[in-house]
Amino acid sequence: MIKELKNKEDIIALLSCSPEQDEELYQTAVDIRNKTIGNKVYLRGLIEISNTCLKNCLYCGIRKDNIDVNRYSLKEEEIYEAALFAYKRNFGSIVLQGGERNDKKYTLFIENVIREIKRITDNKLGITLSLGDQTEETYKRWLDAGAHRYLLRIESSNPELYAKIHPAGSMHSYTNRIKSLELLKKCGYQTGSGVMIGLPFQTVEDLADDLLFLKSMDIDMVGMGPYLEHENTPLYHYREQLKPLSERLRLGLHMIAVLRILMPDVNIASTTALQTIDPFGREKGLAAGANVIMPNISPAQNRKKYTLYQNKPFSEESDEITINKLSESIRSCGCEIAFGEWGDPVHFAKRNKG
Ligand code: 5AD
Ligand code: SF4
């Protein structure tokens with residue numbers, strides 16, 4: 001099996017390998033991870049702060065035009081409670097994720113929340129933001145307030161496919177998205193991006209290009225996962241064209257493994273979408289070369305309302321039990337949870353040394 005990727009054809013060959021070769025592919029990726037950055041897994045507590053969104057992405061269950069969504073925005077105190085849970089459980093860092101909004105009142109609210117989280121956690125809890133496209137000024141203010149990572153998925157690096165899964169117009173512009181990623185890097189954020197895997201109209205060539213895009217953008221962190229249909233979205237119309245869920249899961253794992261071979265020192269998240277298809281999907285992601293897990297620590301009563309796609313898993317157990325079980329299953333994949341560590345991507349440190 002190819003262990004050094006020289007060109008797009010090599011990537012396509014790995015992404016389309018036969019099922020008998022899967023294990024070898026995943027093991028190659030895990031060996032590279034363990035040799036380059038080790039077998040530590042970093043936890044990011046995911047807090048879904050609001051499902052209100054100005055955008056209308058054609059695949060997303062909380063898009064603006066879906067009137068069936070029960071909209072919520074967490075109160076400051078609810079966000080702090082979740083952040084303190086992460087801090088006390090020694091998670092190292094959290095992710096504040098939400099639908100996109102850019103009004104002044106909102107951007108100020110976020111700025112204050114970031115400062116307050118840093119204050120109540122003795123400056124120890126790392127903060128990642130996943131709050132969509134914003135202005136350079138907003139990115140800077142949030143960075144100054146104490147956030148240090150930003151996730152902004154490109155969703156698909158193929159501009160034509162991007163145009164098929166987003167409404168036309170400047171609000172959902174592909175070039176703006178790229179500009180945002182450039183701005184985030186320029187401001188000094190550890191910058192993350194990613195794509196959806198198994199979209200209608202998407203080819204294996206597109207996926208190979210996605211991986212090459214992440215490399216050419218010199219991205220520090222990657223979150224990518226299978227596309228999962230939602231019945232109240234325009235893209236649902238094309239559901240007949242989709243690969244079976246098992247294939248989307250397998251392709252998701254292949255993408256993680258090939259990315260690890262291509263970019264050995266980046267942080268790669270094993271995403272909730274993998275877990276949606278398979279209860280052990282996230283563990284399988286670790287066993288394919290990922291090194292980050294983002295347990296959902298949003299207040300229990302809001303989790304069902306943050307439905308980007310159908311069948312998103314909701315544990316009925318307490319967070320304590322869920323985290324204990326997760327620690328055990330992470331250990332069973334040959335990894336160790338790095339409690340209390342930020343887990344900055346090694347790639348970021350190298351990128352800054354030049
Ligand atoms: N299936 C899979 N992922 C989705 N996202 C949004 N909708 C879906 C879906 N239907 C992902 C997007 C977005 C992230 C927050 O969730 O990639 O960037
Ligand atoms: Fe809004 Fe993000 Fe959903 Fe697009 S993917 S509609 S920006 S929450």
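**A walk through cavities and salt bridges**

Lys 55 is buried, at a relative accessible area of 6% (buried means under 20%, exposed over 50% and partly exposed in between, with a 1.4 Å probe and protein chains only). This is a predicted model, in which local features need pLDDT of at least 70 and side-chain atom pairs count only at pLDDT 80 or more, while totals for chains, interfaces and linings use all residues. Residues are numbered from 1 along each chain as its sequence is written, chains are lettered from A and ligands numbered from 1 in the order in which they are written, and side-chain values use heavy atoms, with hydrogens and water left out.

So what does Lys 55 pair with in a salt bridge? Its partner is Asp 133, with the closest N and O atoms 2.9 Å apart (a salt bridge is a side-chain nitrogen of Lys or Arg within 4 Å of a carboxyl oxygen of Asp or Glu). The two are 78 residues apart: Asp 133 sits in the loop between β3 (126–130) and α5 (136–145), and Lys 55 in the loop between β1 (40–50) and α3 (76–88) (helices are DSSP runs of H or I with at least four residues, strands are runs of E with at least two, and numbering starts at the N terminus). Asp 133 is buried too, at 13%.

The whole structure holds 22 salt bridges. Another one joins Asp 278 to Lys 284 at 2.5 Å, N to O; Asp 278 is buried at 12%, whereas Lys 284 is partly exposed at 37%.

Two cavities of 30 Å³ or more turn up. On a 1 Å grid over the protein atoms alone, a cavity is a set of points where a 1.4 Å probe fits but cannot get out, and lining residues have an atom within 4 Å of a point. The largest cavity has a volume of about 920 Å³ (grid points are joined across faces, edges and corners, and the volume is the space filled by probe spheres set on the points). It is lined by 44 residues, and the closest to its centre are Gln 97, Ser 130, Arg 153, Glu 155 and Leu 308.

Ligand 2 sits in this largest cavity, as more than half of its atoms lie within 2 Å of the grid points. Around ligand 2 you'll find Cys 53, Lys 55, Cys 57, Tyr 59, Cys 60, Ile 62, Arg 63 and Gly 99, where being near takes a heavy atom within 4 Å.

How values were computed: 1 Å grid on protein atoms, 1.4 Å probe; cavity = no way out; pocket = protein on both sides within 12 Å on 5 of 7 lines; lining within 4 Å.
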